[in-house]
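User: Please take a close look at a single part of this model. I want one connected account, with cut-offs stated.

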Amino acid sequence: MSNPSLLILPGDGIGPEVMAEVRKIIDWFGAKRGLAFDVSEDLVGGAAYDAHGTPLHDDTMARALAVDAVLLGAVGGPKYDNLDFSVKPERGLLRLRKEMDLFSNLRPAQCFDALADFSSLKKDVVAGLDIMIVRELTSGVYFGEPRGIFEEGNERVGVNTQRYTESEIARVAKSAFELAMRRGKKLCSMEKANVMESGILWREVVIEVGKDYPEVELSHMYADNGAMQLVRWPKQFDVIVTDNLFGDLLSDCAAMLTGSLGMLPSASLGAPMANGRPKALYEPVHGSAPDIAGQAKANPIACILSFAMALRYSFDQGAEAARLEAAIQQVLADGVRTADLMGPEGGVPVTTSGMGDAIVKALDASL
Ligand code: NAD
């Protein structure tokens, strides 16, 4: 059988820097765990614009659709800020998400013990936190019609439409239930069924889909209460599923429970391909960080954790993903820090590659 295929799109700014560290980790799993991938690399964002005059070449798009998973660094930078909207670096990323039809966005909020002091919340509220927010990504109020700014009488009116079909709700609900089955078997669905018809339908469809997952304990919460509960006692949750707009807000809120942007991975999943694997794009939440690009200061952990998500959700290697996460936990516990993770006590930060090397060493020690 051939190796699973991985397309790497490092992108711009710190993207290539953090991705170089992910390559070390991929190589380690090939050499030490017999987990070899067919890795190819291509351009996206400003780098693709520089080479081809477009932020995503058609050939790259075709390759993304053909591989088992795509791993992306980050796109954008001041050099491209004045480009026409149609060729801005972000358009490359949006095209990937759209053409791969990635409707389920997974944003974990996981607090590494050694970094619990970084949260704006009390340590005991966040220590050991491990929750997952599943956000619907391709429908809802960001896409619904009618939309626009219209004249009405003698004033203007701004219109956006929250719209969900049953099948759109069902497919993201299914993906959240599947996820809950692999984790703590608890799912909380958030909407505003008290004031929105789309919320009533959302709740009905989630309950219906839930009948196929009797082992998962399903609960429902109004999204405004959900926001309060996330900062009050986030450990009450395992998996949360919600729509595009609420998910946008709730996932950012949950992410910040855990501290630095340099630590946050994400996955965007679509429908299963012929081989049963979901179409998938893994990427850190952070951007291209032009303020530190080229200075060896970037924290590669968000991107490495994105690869851990790929191991778990695309390649069914949950135990190896856990090995990688434990290695990161160990390195942080040993006090190894990139500049963004330096506490008030100070110390000497490691470089981007110093962090990658430390994680490889911890992986070696795990054997
Ligand atoms: P950013 O995430 O790039 O940076 C915000 C701050 O966090 C900066 O101070 C940066 O130095 C720091 N930071 C981010 N990642 C870090 C890491 N791995 N290690 C250490 N520090 C890190 O957001 P921004 O400054 O608003 O945007 C910069 C560029 O990135 C813009 O062109 C923007 O459009 C683009 N962007 C791209 C994506 C993406 O590719 N998915 C996401 C957000 C922003």
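Analyst: R135 counts as buried, at 11% relative accessibility. Buried means under 20% relative accessible area, exposed over 50%, and partly exposed in between, with a 1.4 Å probe and protein chains only. The model is predicted: local features need pLDDT of at least 70, side-chain atom pairs count only at pLDDT 80 or more, and totals for chains, interfaces and linings use all residues. Residues are numbered from 1 along each chain as its sequence is written, and side-chain values use heavy atoms, with hydrogens and water left out.

R135 sits in strand 5 (residues 130–136). Strands (E, at least two residues) and helices (H or I, at least four) are DSSP runs, numbered from the N terminus. Leaving aside neighbours within four places in sequence, R135 is in contact with F103, S104, N105, Y142, T242, D243, N244, G247 and D248. Contact means heavy atoms within 4.5 Å.

R135 also carries a record. The UniProt annotation "binding site", from an unreviewed entry, covers R97, R107, R135 and D224. These residues spread over 128 residues of sequence and, in space, up to 27.7 Å between C-alpha atoms. UniProt positions follow the numbering used here, feature names are shortened, and annotations may be inferred rather than shown by experiment.

R97 is found in helix 4. R97 is partly exposed, with a relative accessible area of 25%. Not counting residues up to four places away in sequence, R97 touches L102, L137, L281 and E283.

Ten strands form an open sheet in the order 2-1-3-12-11-4-5-10-8-9, with mixed pairing. Strand 2 (38–41) and strand 9 (217–222) stand at the edges with a single partner strand each, so one side of each has no neighbour in the sheet. Neighbouring strands are turned by 20° against each other on average, direction ignored. Two strands pair if DSSP finds at least two bridges between them. Strand 8 (residues 186–191) and strand 10 (residues 239–242) pair in the parallel sense over four bridges. There, S189 stands opposite V241 of strand 10.

Two helices touch strand 5. Helix 7 (residues 197–210) packs on the sheet and touches strand 5, strand 8, strand 9 and strand 10. The direction of helix 7 makes about 175° with that of strand 9. Helix 10 (residues 301–313) lies across several strands, including strand 5, and runs at about 160° to strand 12 (278–284). Axes are lines fitted to C-alpha atoms, for helices over the stretch in contact, and angles run from 0 to 180 degrees between N-to-C directions.
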